[in-house]
Amino acid sequence: GGRWVFTVRGAGNIKGSYPRSTVANFSPGDKASGGLGSAILGAYLPKGFYTFGEMGYRIRSSPVPQDFFGNAGMGHSFKRISYSTSYQTSRSINGVDIVGQLPKFSPYFQAYQFPATKKIFGAMDFNANVRLKGGTSIGFNYSKILHGRNVGLKDVLAVSFGFTLPGRLPHIH
C-alpha cells in the first residue's frame with residue numbers, strides 16, 4: 001500500500017576461473033573477489049509508472065580499483081510487461097589512468113593490466129521484462145556507454161531468465 005520503498009543491499013563476488021581478456025579492456029568481474037553495499041530508493045507513481053535511484057560503493061581485490069557507483073531511472077508496468085530506462089555511472093577512486101600514463105603505457109600493460117585502470121563512465125540502460133506463468137520471467141537489456149575515461153565505448157546486450165522465491169518454482173504447464 002505504500003508509495004515509497006527504501007532498500008539496503010549488500011553483495012559479494014568470488015573471482016572467476018576464466019582467463020582474463022588479453023585483447024580488450026573487459027573481463028566479467030575483472031577476475032577479482034570483492035563486495036559492494038548500496039542504498040536504493042524507489043517510488044510508485046500513478047498509472048503504473050515508477051522511479052528509482054541507487055548509490056553505492058564497491059571494493060574488489062588488488063589491482064582492481066574501488067569505486068562509487070549509482071543509477072537513476074524511471075519505468076512503467078502494464079499487466080505482465082514492465083520496461084524502464086536509466087542512467088548509470090561508475091567512478092573509480094584509485095587505479096592507473098591510461099591517459100596520464102601514456103608514455104609508460106606498454107603493450108604488456110595493455111594486455112594484462114586493464115582491470116587495474118581507473119575507470120569512469122556514464123551509460124544509458126534500457127530494460128524490458130515479461131512475467132510468465134508459474135512465477136517465471138524473461139528480461140531483455142541493452143546498455144550503451146555514452147562517455148568515459150579508460151573504458152571502451154561499447155554496447156552491452158543481455159537476456160535473463162528469472163523465477164520468484166519464495167513461491168512457486170519454475171515449471172511448465
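Tutor: One definition to begin: helices (H or I, at least four residues) and strands (E, at least two) are DSSP runs, numbered from the N terminus. The model is a predicted one, so local features need pLDDT of at least 70 and side-chain atom pairs count only at pLDDT 80 or more, while totals for chains, interfaces and linings use all residues. Residues are numbered from 1 along each chain as its sequence is written, and side-chain values use heavy atoms, with hydrogens and water left out.

Student: Thanks! What pattern does the protein follow along the sequence?
Tutor: The pattern reads β-β-β-β-β-α-β-β-β. In total there are 1 helix and 8 strands.

Student: And in what order do the 8 strands sit in the sheet?
Tutor: They form an open sheet in the order β1-β2-β3-β4-β5-β6-β7-β8, with antiparallel pairing. Two strands count as paired if DSSP finds at least two bridges between them.

Student: Which strands stand at the edges?
Tutor: Those are β1 (4-13) and β8 (155-163). Each has a single partner strand, so one side of each is left without a neighbour in the sheet. On average, neighbouring strands of this sheet are turned by 20° against each other, direction ignored. For such angles, axes are lines fitted to C-alpha atoms, for helices over the stretch in contact, and angles run from 0 to 180 degrees between N-to-C directions.

Student: How many bridges join β4 to β5?
Tutor: There are 12, between residues 67-78 of β4 and residues 81-92 of β5, and the two run antiparallel. As an example, glycine 73 has serine 86 in β5 as its bridge partner.

Student: What about the loop between β4 and β5, which residue is placed there?
Tutor: Lysine 79 is in that loop. Its phi is positive, about 55°, although it is not a glycine. Most residues other than glycine have a negative phi, and most peptide bonds are trans.

Student: Is lysine 79 buried or exposed?
Tutor: Lysine 79 counts as exposed because its relative accessibility is 69%. The cut-offs are under 20% relative accessible area for buried, over 50% for exposed, and partly exposed in between (1.4 Å probe, protein chains only).

Student: And asparagine 150, buried or exposed?
Tutor: Asparagine 150 is buried, at 10% relative accessible area. This residue is in the loop between β7 (136-149) and β8, and has a positive phi of about 65° without being a glycine.

Student: Where's the cis peptide bond?
Tutor: Between serine 62 and proline 63, with omega about 10°. Proline 63 belongs to the loop between β3 (49-60) and β4.

Student: Switching topic: which residues does serine 82 touch?
Tutor: Leaving out residues up to four places away in sequence, serine 82 touches Tyr50, His76, Ser77, Asn127, Ala128, Asn129 and Arg131. Contact here means heavy atoms within 4.5 Å. Serine 82 lies in strand β5 and is buried, with a relative accessible area of 13%.

Student: Last one: how much of the protein counts as buried?
Tutor: Of its 173 residues, 27% count as buried. As for contacts with a separation of 6 or more, residues 24 or more positions apart account for 52% of them.

Student: Great, thanks!
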